[in-house]
Amino acid sequence: MPMDAAFLRNFAIIAHIDHGKSTLADRLLELTGSLTAREMQAQVLDSMDLERERGITIKAHAVRMMYTAKDGQIYQLNLIDTPGHVDFSYEVSRSLASCEGALLVVDASQGVEAQTLANSYIAINNGLEIIPVINKIDLPSADIARTKEMIEGAVGLDAADAVPISAKTGQGVPDVLEAVVKRVPPPKGNPDNRLQALIFDSWFDPYRGVIVLTRVFEGTLRKGQKIRLWSNGRVFEVETVGVLTPKPVEIGELRAGEVGFFMANMKNVADTKIGDTVTDEANPAIEALPGFEEIKPMVFAGLYTVDAHEHTALREALEKLRLNDASFFYEPESSAALGFGFRCGFLGLLHMEIIQERLEREFGLELITTAPGVRFRITKTDGDVVEVDNPSKWLSQSEIAKVEEPVILATILTNEEYVGGILKLVEEKRGKQKSFEYVSSSRVMLQYELPLNEIVLDFYDRLKTVSRGYASLDYHLSGYWESPMVKLDILVAGDPVDALSIVVHRDFAYERGKALAAKMKELIPRQMFEVAIQASIGAKIIARETVPAIRKNVLAKCYGGDITRKRKLLEKQKEGKKRMKRIGRVDIPQEAFLAVLKVGEGS
Amino acid sequence: MAMPLGLYLSVPFCRTKCSYCNFASDVFSRAVFHRYVDRVCADIENAAGITEQMGGRFERAVDSIYLGGGTPTVLDSPELERLFVTISQNLEVRPGCEITVECAPGTLAPDILETLLHCGVNRVSLGVQSFVDAEAASVGRLHQRTTVLDDIAHLRAAGITNINLDLIAGLPHQTAESWEASLSEAIASGTPHASVYMLEVDEDSRLGRELIAGGTRYHAHFVPDEELTADLYESACQRLDAAGVCQYEISNFARAGYESRHNLKYWIRQPYLGFGLDAHSMLPALDPGVEAVRFSTPDALEEYVAGGPLRCTAVTPQAALEESFFLGLRLTRGVDLDALRAKFGALDGFDSLIAEFASMGLMVREHDLVRLTSRGRLLSNEVFERFISVL
């Protein structure tokens, strides 16, 4: 007997890292009896090792809970857990689109952060009912009144009915469930209409193929049904329909308003694009659900193995990762300095770090990553427009009529005392101020337009430093700026090292070239001859440093004839050089290829 | 006819441990001296057995003996005597055998000197390190300049004129001027042999660890930089050469005919047997497929005294050839490719390597004689690295 839609509630939790989203989710599962305390592994929903370690959610989840409310009725609550990082804001928007309500969880001792704010705006724009929840009220530093003030000031929500809780002790958590039932509207939609279901996440399971998380808006998704994916027209037969409780449980169908998963013998997550619409093959919907976008990578870098023999292993690892993550892209590239590798595109820096870490951890690869950059749009003098995301493919200055670079709108929330340092940083990063406002007596919200190219270099670390960690950042792509970008090359002993080239704003090229050459001087060990390190734009040398020749490397003592030790020392020295990349006659250590990320440090 | 052996006896005891020392030597209570000498004597008595057990070919004839340390002269006369008696009873000490003892200046008491003479010692190596008192004191040496000069006078009066002075370039507080003063003293002393080392910075000495950590203990922040140390070494080569004390190995200088026979054995791969703590041996192998065997004793005192196991490495013909290069090239006379070909067969691949280093000014080749230039000696590890294959 299907449940009346009036008793369905679909909701998400919006929270900043460490504000207690996962702990609250665990409490809700416990309270609704979805899991016994014994079954609880701390933070059930973050199942990837990386997610638990970093305390963040990378993949979305959807859990069905049955709740007997104070009015005596049994409600079906679908909790949709969303990724919590700016890199995945599109995924978040699709998860939120699957809900009618959201809990906005704010740490009573920390206040509203930029990430929370951005996701709240997405929720508000999607027409969601937002229930403010003030967490960690058990902490001595909790300030409920100030937190309410900030929610009202920054998000613009009435916080009078905010639910004060402690997810840790469980205090107030039952009130959250009641608020969901009372305040989140039931889903609309008719199970007899033509099928319209939203894909809000999917992943690849090596035993079962692709598993799709979906929200049915109209119609009914059934086992055995032939479905069609709107964006690519591909047709599949639904094999399994189910819900997560959080254990997967098969059910026969998902009706309009319901959330669950299905499998349809799909082999590739690239087919199941997030935001796409699923409809019935024989009786398709008239139109797709709104909001679908093709995900585009924003940050690009070259990935190479330290050991050239591992190149094939890297390719296989990338193929496997891509099965599970259609949002990252790769294509073979070769570098004169680093040999054969792959140009990879990522949603953002965190995404890049995650992919790198998974390659190293799950596949045991040792990698060299080149400096991350963005995709520039170049109008050539002949009028053609090309996109370039790899400095080694940059055109010669005479072919370039105009360069446009991607720009983001960044929202930074911080405490008053750090504003000075942050303003200096964003100005240095070529930012343009859009707004500056106090969201409470001591909390400031800054909005800046910034070139993405500046963000990918060292912005996060610098922001963390100048704010001592008390600043949060969120951003989204807002457009393009025409900028005088130039390619900066690094020459080692007269030879350009392609893997060290970067694209920079002309006004900063001199300074960055100097800093980069100085950093390289620090990182490149002394060789048997003097090594010149030069920074150049085109044929023009803009900076020069010299690594002096090594003066001595000699073992004097004979240790009473201990030749074995001498030999071991020579072998160790030889091994050390093998771990470096030899370019021309010069041995360059791996760190040097990421030096460009470090040149801003301490300045 | 088999080649006579060099004998090395390690005496790892010191009055104090110098900050730059990266040897197994240390300050031990005198109570262990007797047990230690017992152990060394037992090993000497069993030399033939140990050698064969290690797969090496034993030889009774000995033409050099070297008591190194540590500070062998911290042993008292009866213990020193016991060592030499055991050697002469178990091995055949050839007439004219070079017998060297290392001494810390100030440890040559009259009774010790008399014992050394009585035991046939004909060469003494003095660990001077610096003639500048403040420099010697900064690394924990207990002597002064005058102590060294007195010791030299006493040795000569006793008839020992074959004296070596050890000097270290790169000690804390050293300057070009102070180094010049030390060199002048060494030359003026008229001793026929000098060893010049550059301070080694590694994890095995207190000063080395401090330098790596960037700290200020042991006067580490007063240690000259790499450039100055290299300059000091080069000036020593020139000054000594001009005085007729000519360089014959990276760290060794001598008047003609005073080259150390014992130390040369290490570089030209002649057989030697080592006894005592962390002592090393190299002998021709019994196994015809192996060129030589190298073995060594434990480097922890208790383990050694308790008769801990030896460590043995078989030297294959390929490894022996590589050794011939990275040891032989330490000598200013270099290596003779013709002799190596006669012993090891064709020298594939080495010609281009030699040509490469010659083009960089690190090596000189004259027909089949190959040697390092003075710059090549300073960068010898960079050169040698290319002559070895990593297994």
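User: What makes the charged end of Arg330(B) sit over the ring of Trp267(B)?

Analyst: A charge sits over a ring if NZ of Lys or CZ of Arg is within 6 Å of the ring centre and within 35 degrees of the ring normal. The charged end of Arg330(B) is 4.5 Å from the centre of the Trp267(B) ring and is listed as sitting over that ring. In chain A, Arg215(A) lies over the face of Phe217(A), 4.2 Å from the ring centre.

User: Where do these values come from?

Analyst: This is a predicted model, where local features need pLDDT of at least 70 and side-chain atom pairs count only at pLDDT 80 or more, while totals for chains, interfaces and linings use all residues. Residues are numbered from 1 along each chain as its sequence is written, chains are lettered from A and ligands numbered from 1 in the order in which they are written, and side-chain values use heavy atoms, with hydrogens and water left out.

User: Why is the pair Phe357(B) and Phe387(B) called stacked?

Analyst: Rings of Phe, Tyr and Trp (its six-membered ring) pair if their centres lie within 6.5 Å, and planes under 30 degrees apart count as stacked, over 60 as edge-to-face and the rest as tilted. Here the centres are 6.4 Å apart and the planes are at 20°, so Phe357(B) and Phe387(B) are stacked. Phe357(B) belongs to helix α14 and Phe387(B) to helix α16 of chain B, 30 residues apart. Over all chains there are 19 aromatic pairs.

User: Why does Glu226(B) count as partly exposed?

Analyst: Buried means under 20% relative accessible area, exposed over 50%, partly exposed in between (1.4 Å probe, protein chains only). Glu226(B) has 29% relative accessibility, so partly exposed is the word for Glu226(B). Arg526(A), at 29%, is partly exposed too.

User: How do you know that Arg294(B) and Glu323(B) tie together separate parts of chain B?

Analyst: Their side chains meet in a salt bridge at 2.7 Å, N to O. Arg294(B) lies in strand β11 and Glu323(B) in helix α12, so the pair ties together parts 29 residues apart in sequence. Both Arg294(B) and Glu323(B) are buried.

Conventions
Helix = DSSP H or I, 4+ residues; strand = E, 2+ residues; numbered from the N terminus. Salt bridge = Lys/Arg side-chain N within 4 Å of Asp/Glu carboxyl O.
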